[in-house]
Amino acid sequence: MQKHYEFDEFVELRPTAKVDKSRHGWRAKCLQRLIRLDLPVPATVALPTETVRRIAAGQMPDVAAIIECFGDEMLISVRSSPENPEWGGPGTVLNVGLNNDMHARLVETHGAEAADALYLAFVQNYAVHVARLDPDMFCAPAGPGAVQAALAMYQEEMDSEFPQNPVQQLIEVLRSMARAWEGTTARLLRQAKGAPAEATLGLVLQQMALGIGPGLSGSGTIQFVDSVTGKPLINGRFRRQSQGRASADAELYLTRDPRGPSLEDLAPEVFEQLRGYGAICRQRLREEMQVEFTLEGGRVSVIDAVRVQRSARAGVRIAVALAEDGVIPREDALLRVEPRALTELLHFQVDPRAPRDVLARGIAASPGAATGKIVFSAAAAQASAARDEPCILVRRETSPEDVRGMHAAHAVLTERGGMTSHAAVIARGLGLPCIVGCLEISISGREKRLVGPRGRVFYEGDVITVDGSNGDVLVGTAEMLSPALDDGFQTLLRWADNVRDIGIRANADTPEDARTARNFAADGIGLCRTEHMFFDEDRLTVMREMIFADASQDRRLVLERLLPMQRADFIALFDIMAGMPVCIRLFDPPLHEFLPHDRDGMRDLADALDRPLSEVTRRIEAMSEFNPMLGMRGVRLGVTIPEIYDMQARAIFEAAVEASTRGAQVVPEIMIPLVSASREVELVKSRIDAVAAAVRSETKAEFTYRLGAMMETPRAALRAGEIAEHAEFMSFGTNDLTQMTYGLSRDDAGRFMSTYVNQGVYAEDPFHILDVEGVGELLLIGAGRGRATRRDITISVCGEHGGNPESIAFCRAAGFDYVSCSPFRVPVARLAAAHFALLAPKSHG
């Protein structure tokens, strides 16, 4: 009777053995689970991390005792078993114990060809990976005399015969693998994959199941879902007479296939056995597994089983299917899907199975992929859209004047910029694939030319593909995967909504944005930026006329022409949102953004206004500011040029009245931007209240509205208690609040931010990940002081950070009512909020 061992130095895997993932690694723990499921796993021994470390230091375990676990004719494989499979490890060594005597016995039992193939493969592997000899010397194919030639070459290089003692072979293999793990290159590689610096290695020794012999023999893998789509599908491979190294002509299909013979045809009972093993793994291990197996004379051995590699869309489908089948609870399904992975499902993606001709790489600023013709200006993008031709807007960097072109384009590519540049922020809001900071290309808008690495030149009209998910610019048209907003996606997010405890709204400036927000089940609109509505050509001229008006009455007359346009905008939003909250931010940007800055544009404006060019030029120069983002903008415009806010308030109220007659009651939320003093809110509120009273009188209709402040300055956070006296809600605009707290422009931060992060000045880019220590403290101060004044005040975040899981965790812990983010980040935010509710439930004490 064979002895069983369970020492500190090693453990023989049995159902009751004490095997721990942190000590023995993921593979050892997985194999023990397979053994507990009564799957035909060959005899296996696991070496814990302490033993492997001692081996690397030159202290060998009792190798003779280990070998005794496998009987007299030991032939084993040695595999890596780190705690996390993503960390990799030294390559597997097969057939340890194979020597001249074992080779002779294999010739008798399996034939000379099979025995020679096994022995040659082991000698070559040992020479290269254990003895560290030149790989080019040990790459000869199998054939007559190949084994003897390899043995002779080994003896010539090592001045000794190839080791014949299985104990010596195993000692050298264990020492080689243990020391390879400790090497500098291996350490850097696994740290790049997220492994801690002190990550340790376990090793698994397993009796060989040869996969070579009489009858149907071979090795293969089988899984029962598609790795890209997650749909049920049996795939994998099976190679006859092999240990995974056979030529293609030795491969069998797994399932019946008209193109050739299959395992299902030749050995239906084996095929059904493998299907049964897959079902057992799925049910008992609660996961879709890929099973590695060998077949020897019709007898199946299960060598290993690993979690099926999967794309994000496959991950969602698999998690939902497991929950719907009762294999895992819904809460587990939610936690198995990484929130950020959902972005892959929302957009077209380049098919990972298709070939890629990569032109250049930049920063993946907004996910998704699109193919189109290159255009170099917003006007060209609009013209392309009018012809119904997909286009890619290519710019050195974008500015507010390019927004119309971005709306028309299918993707954006810029030579400059970072994750928080204008192009990146707007593209994420629009759901456009975007690559920024693509320094490998050179763009000439004047010559309409893009020059890539190795002198590759492209002109306007040439076709490229932008992969905003990984930053690749591809030449020509790429094969795409469609968005995966299927039943699995909808089901997962419905489950998320059932457990999350913080609201998720969307930033939506247009009816199209609002429809996207509704499609993604946002809880309302948390930020509607009205200034984007004024960049359309027909409104821009009127807006410029208002800016040049000399008196209040003149401005009022011009704004009356904009009133019906604004009213129509808001009616469309209210109709789409059907009674859900809509928070509208009043006009915010400095007026100079609406004026031309080149000579031709000024001349056109002079013609449109029927004014001398000299006057137009002088007025534009007079309106320029040294620092416009800290100048005449936001509430400062509302106080000094109140006619703009008066018009917008009237448009909102008239739209609310009309929309309420066709559906649910509309209660608009009006937000005053860039507040820093309570008196600002008081002044604007008094005028808006007056406009509301006038509209009620004129329409004979009753309506209510909520007025709040957008908290974007440090002073607003510090004086939030006073501001709350006049505001029913406060929404922190973390984009500007971060800029003002750091004294840093997010458009310029990209020039040095990577250096600051790499040198530990900032832990993360504060424009990408909310700075919870600095900006976060201002949010906590503002929320606390606001609630001290008005207990029922609504607190939210509506900046770019609103869609980041880390920011959602902070806002939820701080007791905020909701976060608002771009429509295409709403699903990510919904799932992230569910994760935090499950992992850190709020106390109700």
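The model is predicted, so local features need pLDDT of at least 70 and side-chain atom pairs count only at pLDDT 80 or more, while totals for chains, interfaces and linings use all residues. Residues are numbered from 1 along each chain as its sequence is written, and side-chain values use heavy atoms, with hydrogens and water left out. Helices (H or I, at least four residues) and strands (E, at least two) are DSSP runs, numbered from the N terminus.

- Five strands make an open, antiparallel sheet in the order 1-2-5-3-4; two strands pair if DSSP finds at least two bridges between them.
- Strand 1 (11-12) and strand 4 (93-96) each have a single partner strand, so one side of each has no neighbour in the sheet.
- Two bridges link strand 1 to strand 2 (residues 44-47) in the antiparallel sense, and V11 has A46 in strand 2 as its bridge partner.
- Helix 2 lies across strand 2, strand 3 (76-82) and strand 5 (201-207), at about 115° to strand 3.
- Helix 3 lies across strand 2 and strand 5, at about 95° to strand 5.

**Helix 3 against helix 8**

- Two packed helices are described by the angle between their axes and the distance between the axes.
- For helix 3 (residues 49-56) and helix 8 (residues 166-182), the axes come within 8 Å and cross at roughly 95°; axes are lines fitted to C-alpha atoms, for helices over the stretch in contact, and angles run from 0 to 180 degrees between N-to-C directions.
- Helix 3 and helix 8 are therefore roughly perpendicular, a term that covers 65 to 115 degrees.
- Helix 3 brings V52, R53, I55 and A56 to the contact, and helix 8 brings L174, R175, A178, R179 and E182; contact means heavy atoms within 4.5 Å.
- This contact has five nonpolar, no polar and four charged residues. Ala, Val, Leu, Ile, Met, Phe, Trp, Tyr, Cys and Pro count as nonpolar, Asp, Glu, Lys and Arg as charged, and the others, Gly among them, as polar.

**Cavities**

- The whole structure has two cavities of 30 Å³ or more. On a 1 Å grid over the protein atoms alone, a cavity is a set of points where a 1.4 Å probe fits but cannot get out, and lining residues have an atom within 4 Å of a point.
- The largest cavity holds about 40 Å³; a volume is the space filled by probe spheres set on the points, which are joined across faces, edges and corners.
- Its lining consists of T49, V52, R53, A178, W181, E182, A199, T200 and L201, with at least two residues each from helix 3 and helix 8.
- The second largest cavity, of about 30 Å³, is lined by R428, F767, H768, E800, N804 and R825.

**The second largest pocket**

- This pocket holds about 790 Å³; a pocket is an open set with protein on both sides within 12 Å along at least five of seven lines.
- Of its 28 lining residues, P85, E287, M289, R307 and R310 are the closest to the centre.
- Helix 12 gives the largest share of the lining, five residues.
- By class, the lining has 13 nonpolar, four polar and 11 charged residues.

**A three-stranded sheet**

- Strands in the order 18-19-20 form an open antiparallel sheet, in which L450 stands opposite F458 of strand 20.

Conventions:
Angles under 35 degrees count as roughly parallel, over 145 as roughly antiparallel, 65 to 115 as roughly perpendicular and the rest as oblique.
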